[in-house]
Amino acid sequence: VTRFTTAVENAHHPLVGGFVLGLFLGVIWLPCVGPVLGSVLAFVGTSGDVAQSATLLFTYGVGFSGPLLLVAYGGKRAGNTLTDRVRSLDRPALIRRLSGYALVVTGVGLLFELDKALLAVFVR
């Protein structure tokens, strides 16, 4: 996805990367926000008060977009800082390899539910 979005972004349109990221984020967050948004929309659809419905939808939109903006700008800043630090180490291949190993170990741990066992140790 990164090569594709970078190529399209450089050649055609600068907003494609943001659109693709938003598309993936929407798919990931849909199970979380779906029930709440569904209940808000059900309430708005059944209430006869247009002003109250508009206020409720506006409040939901502001409350939902605020954390998204913080994550977006904070993630960009953290990503830039991390990229600068990795480049200053003069060993980007080693860092990439170690990051890959960490992701594989994390994935295997999640597959065998080792995260729950680790959490049980801390909760005791």
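Student: In this predicted model, which helix holds V33, and is V33 buried or exposed?
Tutor: V33 lies in helix α2, which covers residues 16-46. Its relative accessibility is 17%, and because the cut-off for buried is under 20% relative accessible area, the residue falls on that side of the limit. The helix is therefore α2, and V33 counts as buried.

Student: How far apart in space are V33 and F64, C-alpha to C-alpha?
Tutor: Along the sequence, V33 and F64 are separated by 31 residues. In space, their C-alpha atoms are separated by 9.1 Å.

Student: What span does helix α3 reach from its first C-alpha to its last, and what span is expected?
Tutor: Helix α3 runs over residues 50-88 and has 39 residues. The expected span at 1.5 Å a residue is 57 Å, and the helix comes close to it, reaching from its first C-alpha to its last a distance of 57 Å.

Student: Which residue caps the N-terminal end of α3, and which residue just after α3 takes a positive phi?
Tutor: At the N-terminal end, a side-chain oxygen of D49 lies 3.4 Å from the backbone nitrogen of A51, and D49 is the capping residue. Just after the helix, a positive phi of about 60° is taken by D90.

Student: Which residue ranges does UniProt list as "transmembrane region", and what is the helix content of residues 20-44 and of residues 94-114?
Tutor: The unreviewed UniProt entry lists residues 20-44, 56-74 and 94-114 under that name. In the model, residues 20-44 have their end C-alpha atoms 30 Å apart and are 100% helix and 0% strand. For residues 94-114 the end C-alpha atoms lie 26 Å apart, with 0% strand and a helix content of 90%.

Student: Which residues make the nonpolar surface patch, and which helix gives the largest share of it?
Tutor: The patch, of about 530 Å², is made by V104, V108, L111, F112 and L114. V108 is found in helix α4 and, at 41% relative accessibility, counts as partly exposed. Three residues of the patch, its largest share, come from residues 92-111, that is, from helix α4.

Student: How many salt bridges does the structure hold, and how far apart are the closest N and O atoms of E113 and K116?
Tutor: Side chains of opposite charge can pair when their charged atoms come close. The structure holds one salt bridge, formed by E113 with K116. E113 is partly exposed, with a relative accessible area of 45%, whereas K116 is exposed at 52%. The closest N and O atoms of the pair are separated by 3.8 Å.

Student: Where does E113 lie, and what is its phi?
Tutor: E113 lies in the loop between α4 and α5, the latter covering residues 114-123. Most residues other than glycine have a negative phi. E113 is not a glycine, yet its phi is positive, at about 55°.

Definitions and conventions: Residues numbered from 1 in each chain as written. Predicted model: local features only at pLDDT ≥ 70, side-chain atom pairs only at ≥ 80, totals over all residues. Heavy atoms only, no water. Helix = DSSP H or I, 4+ residues; strand = E, 2+ residues; numbered from the N terminus. Expected span 1.5 Å × (residues − 1). Polar contact = N/O pair within 3.5 Å; in protein donor to acceptor, adjacent residues only side chain to side chain. Patch = residues over 30% accessible without salt bridge, like charges linked within 9 Å, V, L, I, M, F, W, Y side chains within 5 Å. Areas by Shrake-Rupley, 256 points an atom, 1.4 Å probe, with all protein chains shown as cover. Salt bridge = Lys/Arg side-chain N within 4 Å of Asp/Glu carboxyl O. Buried < 20%, exposed > 50% of the residue type's maximum accessible area, 1.4 Å probe, protein only. UniProt positions renumbered as here; feature names shortened; annotations may be inferred.
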